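Here is a short briefing on one protein model. Take a look at the fold before reading on.

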Amino acid sequence: MRSSRHLALAGLAALSFAIPAPAQTIVRGRLLDAASDGVIAEATIVISAHRGQWQTSTRSDSAGTFEFPDVGLGAYRLRASRIGYREVLGDLALESDSVVSVELRMAAQSVVLQPVTVMSRSGQRMSPAMRGFMERMQSGHGRFITRSEILGRRAGRVTDVLTGIPNLRPSSGRMGTSGSPMSRGSSTAQCQMMFIIDGVRMVHPMPSAPRVRPAEFVIDEYVSPSEIDGIEVYRGEADTPSQFVTPLVRCGTIVIWTRRGKRL
């Protein structure tokens, strides 16, 4: 017979459960406003494991409730987000067959939305990819560069556009006119960032020969500033939307939307 336990998350919390018997677990929850106790509908809740290698998401309904059925045993991260509220993170350790109840309390946050820049040309509809870009830009998470900004900088390379972002710089491991990999952090502790172009994760294959370092991904060899409609920059897992989370999310993610991918 399934058992039920109830916990509350406030900010970054560590949750653990110890309930006997093996099998699957149902994770049920409810989102509440931390100040008013009112329900929060239409929020996005993501449950992930193995540092983002596996994840699934759902949305809270009109009563603020959500459910993840048949979740396997193990360690998970739970994340809830909604415009106007601070994101909530928590860790789950599911150790046995059970029905786990989780109450998430989200604190309200004032969000200053950036001015909306119309990306579609006259007489043409905006692509689904760029509609998503504009919606994420209005959420207040991440750093966004629009096509008008890119053209205004008159940059010859994408790395020249990106180096204007604080704490983001080309790696020193490769020099030349073709550019360098982009890293986040100081010159002594750099962490190479992941690139996603038109929804495709860009990774160089690992070398077949032993003791040979993998090739470094250089964005300037794949796309030029004139081809780009928009750029999104996220600094880590907590900042990155679920659809862009990868095993390398720790170092940050740069998402680029090009004009050749405008039908996506």
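How much accessible surface does the protein have, and what share of it belongs to carbon and sulfur atoms? The accessible surface comes to about 14100 Å², and 52% of it belongs to carbon and sulfur atoms. Accessible areas here follow the Shrake-Rupley method with a 1.4 Å probe, and for residues only the protein chains shown count as cover. This is a predicted model: local features need pLDDT of at least 70, side-chain atom pairs count only at pLDDT 80 or more, and totals for chains, interfaces and linings use all residues. Residues are numbered from 1 along each chain as its sequence is written, and side-chain values use heavy atoms, with hydrogens and water left out.

**Overall make-up**

- The protein has 3 helices and 17 strands. Both are DSSP runs numbered from the N terminus: helices are H or I with at least four residues, strands are E with at least two.
- Of the 264 residues, 42% count as buried. Buried means under 20% relative accessible area, exposed means over 50%, and partly exposed lies in between (1.4 Å probe, protein chains only).
- Take the contacts between residues at least 6 apart in sequence: 60% of them join residues at least 24 apart. A contact means heavy atoms within 4.5 Å.

**Strand E4 and its partners**

- Strand E4 covers residues 44-49. It is mostly covered, with 5 of its 6 residues buried.
- E4 runs antiparallel to strand E5 (residues 54-59), and 6 bridges join them. Two strands pair if DSSP finds at least two bridges between them.
- Ala49 has Trp54 in E5 as its bridge partner.
- E4 and E5 form a hairpin with 4 residues between them. In the turn, His50 has a positive phi of about 55°.
- Strand E7 (residues 74-81) is also antiparallel to E4, joined by 5 bridges. Val46 stands opposite Arg79 in E7.
- In a regular strand, side chains alternate between the two faces of the sheet.

**Salt bridges**

- A search of the whole structure finds 9 salt bridges. The criterion is a side-chain nitrogen of Lys or Arg within 4 Å of a carboxyl oxygen of Asp or Glu.
- Side chains of opposite charge can pair when their charged atoms come close.
- Arg79 forms a salt bridge with Glu87, with the closest N and O atoms 3.9 Å apart. Arg79 is buried, at 8% relative accessible area. Glu87 counts as partly exposed, at 25% relative accessibility.
- Arg157 and Asp160 meet in a salt bridge at 3.4 Å, N to O. Arg157 is partly exposed at 27%, and Asp160 is partly exposed at 36%.
- Asp229 forms a salt bridge with Arg259, the closest N and O atoms being 2.5 Å apart. This pair links distant parts of the chain, 30 residues apart: Asp229 is in strand E16 (residues 228-234), and Arg259 is in the segment after strand E17 (253-258).
- Asp229 is buried, with a relative accessible area of 6%. Arg259 is partly exposed at 24%.

**Glu103 in strand E9**

- Glu103 is found in strand E9 (residues 98-106). Glu103 is buried, at 15% relative accessible area.
- The side chain of Glu103 makes a polar contact with the side chain of Arg105, at 3.0 Å. A polar contact is a pair of N or O atoms within 3.5 Å; within protein, one must be able to donate a hydrogen and the other to accept it, and residues adjacent in sequence count only if both atoms are side-chain atoms.

**Aromatic pairs**

- A search of the whole structure finds 6 aromatic pairs. Rings of Phe, Tyr and Trp (its six-membered ring) pair if their centres lie within 6.5 Å; planes under 30 degrees apart count as stacked, over 60 as edge-to-face and the rest as tilted.
- The rings of Trp54 and Tyr76 have centres 5.8 Å apart and planes at 70°, so this pair is edge-to-face. The pair links distant parts of the chain: Trp54 in strand E5 and Tyr76 in strand E7, 22 residues apart.
- Trp54 counts as partly exposed at 38% relative accessibility, whereas Tyr76 is buried at 11%.
- Phe144 and Tyr234 form an edge-to-face pair, 6.1 Å centre to centre with 90° between the planes. Phe144 lies in strand E10 (residues 143-146) and Tyr234 in strand E16, 90 residues apart.
- Phe144 is buried at 1% relative accessibility, and Tyr234 is buried with a relative accessible area of 1%.
- Phe133, Phe144, Tyr234, Phe244 and Trp257 form one aromatic cluster.
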